[in-house]
Amino acid sequence: QFLASHIPHTQILSTTSDQFTPRKDQCERILATILGESDPLYATALKNIGEVYDKKGEYVKALEYFHKCERIQATVLRESHPSYANTLNNIGSVYSKDNKGEYVKALEYYHKCERIRATVLGESHPQFTTIKESMSKHWSIIRKYSQQHRISLLQERRVCQSTSLIRNYSQQHRISLRQ
């Protein structure tokens, strides 16, 4: 248990970038061999590696490890376990941070996490409150983007209509738009 919980954070976080991948690979191989790839502690190690990638801003890699952890936890711990909910929260968090800002996808994971936390921990638990705040923030971002996008589409439509009117006028009056 000590290995799974502590090696990835203490050894990997203390390494420089060029040492990170070999040590991460070594830790992952050792833990897979010792614990087996379906062990919840192995899933914890994968989650820890994902957190390191998340902190480094390498979101694709972070998602890779969080999803590996999610698959193991869904099978071994079941989908009603608080650790599984935390992993879903981590995945949602990464989707919202990624430069694409996949807020809708983030909300999907936050919603799954919310259902588990409400059932297992109760709606008065601080972790439930945290997930509700995250979801609220993301809905606000989506609404704001949606409004901006609508305005942008309207402006684009007006430009297209104006261009079309200019083109029609120039054709009717045989005016060349090319210089």
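**Aromatic pairs in a predicted helical model**

Two aromatic pairs are counted when rings of Phe, Tyr and Trp (its six-membered ring) pair with centres within 6.5 Å, planes under 30 degrees apart being stacked, over 60 edge-to-face and the rest tilted. The model is predicted, with local features needing pLDDT of at least 70 and side-chain atom pairs pLDDT 80 or more, while totals for chains, interfaces and linings use all residues. Residues are numbered from 1 along each chain as its sequence is written, and side-chain values use heavy atoms, without hydrogens and water.

**View A. Tyr-53 and Tyr-65 form a stacked pair.** Their ring centres are 5.7 Å apart and the planes meet at 20 degrees, so the pair counts as stacked. Tyr-53 belongs to helix H3 (residues 40-56) and Tyr-65 to helix H4 (residues 59-76), 12 residues apart; helices are DSSP runs of H or I with at least four residues, numbered from the N terminus. Both Tyr-53 and Tyr-65 are buried, meaning under 20% relative accessible area with a 1.4 Å probe, protein chains only.

**View B. Tyr-95 and Tyr-109 form a stacked pair.** Here the centres lie 5.8 Å apart with planes at 25 degrees, so this pair is also stacked. Tyr-95 is in helix H5 (residues 82-97) and Tyr-109 in helix H6 (residues 103-120), so the pair ties together parts 14 residues apart in sequence. Tyr-95 and Tyr-109 are buried.

**View C. Lysine charges sit over the rings of Tyr-65 and Tyr-109.** The charged end of Lys-68 is 4.6 Å from the ring centre of Tyr-65, and that of Lys-112 is 4.8 Å from the ring centre of Tyr-109. The criterion is NZ of Lys or CZ of Arg within 6 Å of the ring centre and within 35 degrees of the ring normal.

Terms used:
Helices (H or I, at least four residues) and strands (E, at least two) are DSSP runs, numbered from the N terminus. Buried means under 20% relative accessible area, exposed over 50%, partly exposed in between (1.4 Å probe, protein chains only).
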